[in-house]
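Q: I've just opened this one and I'm new to it. Can you walk me through it?

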Amino acid sequence: MIQVLLVHDGCLVRSVLAQWLSREPDLRVDDVPWRRASRHVRALRPDVCAADLDCSDTAGIPPLGELGLRGGGQVLSRLLVLATANRPGLLRRALEAGALGYVDKTGTPEQLLRGIRKVAKGERFVSESLGFGFLKAAEMPLTRRELSVLTLAAEGASVAEIAGSLHLSHGTVRNYMAAITRKTGARNRIDAIRISQSQGWL
């Protein structure tokens with residue numbers, strides 16, 4: 001029996017998918033929104049955590065690091081993500097979080113089922129249609145530090161507040177913002193935030 005935790009912020013989609021998956025005799029399925037995902041992973045220790053990469057929190061970034069995939073050197077759950085190719089930044093975040101499976105949300109439910117069974121065995125599964133998204137993910141121009149600066153800027157922090165949070169000088173923060181604007185091809189800070197959010201980098 002494969003224990004699956006389905007994480008999705010769309011209640012209707014989540015419940016329909018969970019019901020459909022539960023018809024399979026080898027699957028036992030629980031479903032939760034993102035805000036309860038971390039607690040359920042630790043409590044249930046599912047074989048597979050199938051998580052939608054679109055998260056409805058204020059930043060729109062799924063807290064993959066909070067899923068507790070590793071604890072005390074042990075893998076608590078194998079991660080499979082539901083994604084699209086047009087947000088390559090989210091694919092990159094999932095890759096960095098150690099996801100084994102990548103299912104295209106525009107594909108069929110049967111593809112999700114195949115992905116779950118492969119990942120449950122510790123095997124990698126990637127929808128072919130996500131290939132372009134992975135190519136774009138490899139081209140992400142911003143460094144981790146630049147992303148940290150831009151994330152705070154997107155939350156409305158001033159230069160002084162960003163500098164204080166990241167222990168940087170005001171001049172360094174301004175230099176980072178100039179580099180971010182240049183690398184993203186943006187006109188200004190607001191445009192850089194918009195572009196980065198649309199790509200899934202933020």
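This is a predicted model: local features need pLDDT of at least 70, side-chain atom pairs count only at pLDDT 80 or more; totals for chains, interfaces and linings use all residues.

Q: Okay. What does Q111 touch, not counting residues up to four places away in sequence?
A: Q111 touches V103, D104, F125 and S127.

Q: Where does Q111 lie?
A: In helix 4, which covers residues 109-120.

Q: Is Q111 buried or exposed?
A: Buried. Its relative accessible area is 15%, and buried means under 20%.

Q: Let's zoom out. How many helices and strands are in the chain?
A: The chain has nine helices and eight strands.

Q: And how much of the chain is buried?
A: Buried residues make up 47% of the 202 residues.

Q: What share of the contacts with a separation of 6 or more links residues 24 or more positions apart?
A: Those account for 65% of them.

Q: New topic. What does UniProt list for D52?
A: The UniProt record, an unreviewed entry, lists D52 as "modified residue: 4-aspartylphosphate". Such annotations may be inferred rather than shown by experiment.

Q: Where is D52 in the fold?
A: D52 lies in strand 3, residues 48-52.

Q: Why does D52 count as buried?
A: Because its relative accessibility is 2%, and the cut-off for buried is under 20%.

Q: Which residues is D52 in contact with, leaving aside neighbours within four places in sequence?
A: V7, H8, W34, L82 and K105.

Q: Tell me about V7. Which strand is V7 in?
A: Strand 1, residues 2-7. V7 is buried, with a relative accessible area of 0%.

Q: What does V7 contact, again leaving aside neighbours within four places?
A: V32, P33, W34, A37, C49, A50, A51 and D52. Take A51: it is 44 residues from V7 along the chain, yet their C-alpha atoms are separated by 4.5 Å.

Q: Which elements give two or more residues to its lining?
A: Strand 6 (78-83) and helix 3 (88-96).

Q: And which residues line the largest cavity?
A: L53, D54, L82, A83, T84, R87, L90, L91 and K105. They divide into five nonpolar, one polar and three charged.

Q: What about helix 6? Which residues are buried there?
A: Helix 6 runs over residues 144-154, and E146, L147, V149, L150, L152 and A153 are buried.

Q: What covers the buried residues of helix 6?
A: The cover includes helix 7 (159-166), helix 8 (170-184) and helix 9 (189-199).

Q: What follows helix 6?
A: G156, with a positive phi near 95°.

Q: Which residues other than glycine have a positive phi?
A: Among them are R45, at about 45°, and H167, near 60°.

Q: Where do they lie?
A: R45 is in the loop between helix 2 (37-44) and strand 3. H167 is in the loop between helix 7 and helix 8.

Q: How exposed are R45 and H167?
A: R45 is partly exposed, with a relative accessible area of 48%. H167 counts as exposed at 74%.

Methods. Residues are numbered from 1 along each chain as its sequence is written. Side-chain values use heavy atoms; hydrogens and water are left out. Helices (H or I, at least four residues) and strands (E, at least two) are DSSP runs, numbered from the N terminus. Buried means under 20% relative accessible area, exposed over 50%, partly exposed in between (1.4 Å probe, protein chains only). Contact means heavy atoms within 4.5 Å. On a 1 Å grid over the protein atoms alone, a cavity is a set of points where a 1.4 Å probe fits but cannot get out, and a pocket is an open set with protein on both sides within 12 Å along at least five of seven lines; lining residues have an atom within 4 Å of a point. Ala, Val, Leu, Ile, Met, Phe, Trp, Tyr, Cys and Pro count as nonpolar, Asp, Glu, Lys and Arg as charged, and the others, Gly among them, as polar.
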